Structure formats: structure tokens, C-alpha cells
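Here is a friendly briefing to read alongside the structure. Have the sequence and the 3D view open, and take the topics in any order you like.

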Amino acid sequence: MYTLYGTQSSGSCIVEIALQRCGVPWQQVDASPWGDTAGMEALGQINPLRQIPTLQLPDASVLTESAAILIHLGLEYPASGLLSGNRAQIIRGLVYIAANCYSAITIIDYPQRFLDDADETVQAQLIAGTQQKLHRTWQVFAEQFAGQLFYPAGVAQCPGHHGGRRVPLGGRAGRPAAFPPRVRPGTGAGGWRSAGGSGLCLALAGLARAVSPGNQKKQ
């Protein structure tokens, strides 16, 4: 059985959806970096960085990093459709998000982790510069990966983009303007409704949760 370490209202929702689409048995350990939960202690024993999502495989080995988890599940369970389409470009997009977007969001959310004894003014400058960089990163993403998010006729492959037209991904203050819809709590096993689209679409949905207003993590 797979064991997922994560919590609601976080990027771990994308792994929940992926596991459902793979049709495999799994369980979740509630582990919240911004809460005091016993799950964080258990998480620390298998992932010293205590980052979510973390997935423990049936053989007890551990996978971290959202992109690595989605790629592994997509390769292990082809029928899930997580890597359906242009596999090379989907993998490229997943790694692009992890390398260029998540890293910038960490700086925006926790500037004090990257500065020694810096006052609020310096922290604000770091946040502003990183937001500009993230905004440009999303512009490049929209230009480079539009073909993975839309069919040739302009109809969205990712759920939540309606009207048969492309929606720009670059948003204000370095935050994307449009994502696949947020995953809502459901009533089925695992607590989340399933969603369509490739693993790249799921990564966008999880990122939308990570950067949505009112859901910023507190240290």
C-alpha cells in the first residue's frame, strides 16, 4: 500500500488525485508543516526535510518532490493517463514548475529563511524581486507549454479552462492568473474528487492551491 504524507489545502492534493487515477490502495498521514501534528514527526523519520507531499511506496522506499512522484506513477501505471500526450514535454513541464516556480514561491513565502538578520525592508525587496522573476517565469511557461495545455483547436486539455479559448497564465505579483480549478473536498476515499488532464495539469492545480490567497503558510 502507498502512504501519502500531506494535508488538505496543500499541493499534496495532486498526488491524492494521481493515486486515485492509478486505482491503487493508499492511505494518508496528516502532516502539516504549518501545524503541530504527530504526522510531522513520522514524516521526519523518512524525509529529513519534512516536505509535503512525500510518498512511501509499497516496498517502503520513499519518493519526494511532486514532479518525481507524478512521473513515477505515470510510468508505473500508464492507464492513469498522467503522462498521456507528448511525454517528453509533460516531463519537461513538470520539472520546469518544480525548478522555477516552487523555488520562487518558497522565497516569497519565507524570505527570512534566505536572509541573515535582515529587516522587513530588505525582506520586502527580496519578495518584490522574486515576484517579478516568477511573473516572467510564468510568461515563459505560457509561451512554451501552451501546446501541452490546449488541443490544436484551442480547446483546453486541462479541466477548468472553458469557452474553447486560451487563458493567459501570467498573473499579477508573480502569481498565475489562470489555473485548472482548485480541487474541492469530496466524499470518496481519500477525500478528493478526481480530475482529468495530464500530470502537468495536476501540477498546475496543486500549484494553484499553494499560491491561492488566504492559503499562505505561516512559519
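**Overall picture**

Among contacts in the protein between residues at least 6 apart in sequence, 58% join residues at least 24 apart, where contact means heavy atoms within 4.5 Å. This is a predicted model, so local features need pLDDT of at least 70 and side-chain atom pairs count only at pLDDT 80 or more, while totals for chains, interfaces and linings use all residues. Residues are numbered from 1 along each chain as its sequence is written, and side-chain values use heavy atoms, with hydrogens and water left out.

**Fold and surface**

- The protein has six helices and four strands; these are DSSP runs numbered from the N terminus, with helices being H or I of at least four residues and strands being E of at least two.
- Along the sequence, the pattern reads β-α-β-α-β-β-α-α-α-α.
- Of the 219 residues, 45% count as buried; buried means under 20% relative accessible area, exposed means over 50%, and partly exposed lies in between, using a 1.4 Å probe and protein chains only.
- The accessible surface comes to about 10900 Å², and 51% of that belongs to carbon and sulfur atoms; the areas come from the Shrake-Rupley method with a 1.4 Å probe, and for residues only the protein chains shown count as cover.

- The buried residues of helix 1 are C13, I14, V15, E16, I17, A18, L19, Q20 and C22.
- The axes of helix 1 (residues 13-22) and helix 3 (residues 66-76) come within 11 Å and cross at roughly 5°; axes are lines fitted to C-alpha atoms, for helices over the stretch in contact, and angles run from 0 to 180 degrees between N-to-C directions.
- That crossing makes helix 1 roughly parallel to helix 3, a label for angles under 35 degrees.
- Helix 1 brings I14, V15, A18, L19 and C22 to the contact, and helix 3 brings S66, I69, L70 and L73.
- By type, the residues of this contact divide into eight nonpolar, one polar and no charged; Ala, Val, Leu, Ile, Met, Phe, Trp, Tyr, Cys and Pro count as nonpolar, Asp, Glu, Lys and Arg as charged, and the others, Gly among them, as polar.
- Just after helix 1, G23 takes a positive phi of about 70°.

- In helix 2 (residues 38-46), the buried residues are G39, M40 and L43.
- Seen down the axis of helix 2, these buried residues fall within an arc of 100°, so they line one face of the helix; the arc is that of the directions from the helix axis to the C-beta atoms.
- An α-helix has 3.6 residues a turn, so residues three or four places apart point the same way.
- The buried residues of helix 2 pack against strand 1 (2-6), strand 2 (26-30) and strand 3 (54-56).
- A38 and Q45, on the other side of helix 2, are exposed.

**Backbone details in the loops**

- The loop between helix 2 and strand 3 holds P53, and the peptide bond from I52 to P53 is cis, with omega near 0°.
- R50 is in the loop between helix 2 and strand 3 and has a positive phi of about 55° although it is not a glycine.
- R50 is partly exposed, with a relative accessible area of 33%.
- D117, in the loop between helix 4 (87-109) and helix 5 (120-149), is a residue other than glycine with a positive phi, near 55°.
- D117 is exposed, with a relative accessible area of 83%.

Conventions
Angles under 35 degrees count as roughly parallel, over 145 as roughly antiparallel, 65 to 115 as roughly perpendicular and the rest as oblique.
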